[in-house]
Amino acid sequence: FLENKKIMVAHDGVDLKDYEIKENTEEIREKLDLPEDKKIITYVGKMKTMGESKGVEDLILSFPEVLKINKDSFMLLVGFNKDEILEAENIFKNLKIPQENYKLVGHIERSLVPLYLKASDILVMNYPNVEHYALYMSPLKLFEYMASGVPIVSSDLPSIREILDDDSCCFYEEKEGMLNCFNKLISDKNYYQTICKEAFNKVFGYTWKNRANEVMNFLKK
């Protein structure tokens, strides 16, 4: 086994230049054909990794209760495979959620990801509390979410708490907690702005350039 001093764990990162977007939220929504008068709750990524759920199904299943809290809510799911789009579409239909309250988007160019994030009101990571997600992942979307300046709602996992805390993310453990996060962010402007600001401030420590410098400095020891 290697000695601890010879091991470095480097989290993923983000290029902040990708998020220097001149258009405002209204202009971005018009460009992406998104509703201008809805509270957009967004997940970007796949439904599954290596056949394992990433919690998106449960996020969709919670949406009828979200609509009860705020009828102007809109769910945006971006980056699905074709079969995942069909699966998600069937869930929305079975729940009888009107099409004007959700949108499914397949693969997109990487350059469009910041636009979809910045067009949103809330960004969600609903990872299941299993060993892989809880202890070993370092999701790219986390740092992209942080760079967007949009508040993050996440399942409460140690891997996420390595980066964020209660001042920079609304954590939850059960579905009811997720709904409470949505409601608090929609109804409490000060809390909304605090979560955005704190997460954005933290992301400066997780750029790809900083990551490369840390690795190079470690190798020189």
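## Conventions

A polar contact is a pair of N or O atoms within 3.5 Å; within protein, one atom must be able to donate a hydrogen and the other to accept it, and residues adjacent in sequence count only if both atoms are side-chain atoms. The model is predicted: local features need pLDDT of at least 70 and side-chain atom pairs count only at pLDDT 80 or more, while totals for chains, interfaces and linings use all residues. Residues are numbered from 1 along each chain as its sequence is written, and side-chain values use heavy atoms, with hydrogens and water left out.

## Asn-101

The side chain of Asn-101 reaches the backbone oxygen of Ser-73 at 2.9 Å. Asn-101 sits in the loop between α3 (82-94) and β5 (102-105); helices (H or I, at least four residues) and strands (E, at least two) are DSSP runs, numbered from the N terminus. Asn-101 is buried, with a relative accessible area of 6%, where buried means under 20% relative accessible area, exposed over 50% and partly exposed in between (1.4 Å probe, protein chains only).

Not counting residues up to four places away in sequence, Asn-101 touches Lys-38, Phe-63, Leu-67, Lys-71, Ser-73, Phe-74 and Met-75; contact means heavy atoms within 4.5 Å. Pro-35 is 66 residues from Asn-101 along the chain, and their C-alpha atoms are separated by 9.1 Å.

## Thr-42

Thr-42, in strand β1 (residues 39-44), is buried with a relative accessible area of 0%. Its side chain is joined to that of Ser-120 by a polar contact of 2.6 Å. Residues that Thr-42 touches, not counting those up to four places away in sequence, include Leu-76, Ile-122, Val-124 and Tyr-145.

## Helix α9

Helix α9 (residues 189-203) has 15 residues and reaches 22 Å from its first C-alpha to its last, close to the expected 21 Å, which is 1.5 Å times one less than the number of residues. In α9, Tyr-191, Ile-195, Cys-196, Ala-199 and Val-203 are buried. Seen down the axis of α9, the buried residues fall within an arc of 135°, so they line one face of the helix; the arc is that of the directions from the helix axis to the C-beta atoms.

Lys-189, Asn-190 and Lys-197 are exposed on the other side of α9. The cover over the buried residues of α9 includes α6 (140-148), β7 (152-155), β8 (170-172) and α8 (175-187). At the start of α9, a side-chain oxygen of Asp-188 reaches to within 3.2 Å of the backbone nitrogen of Asn-190.
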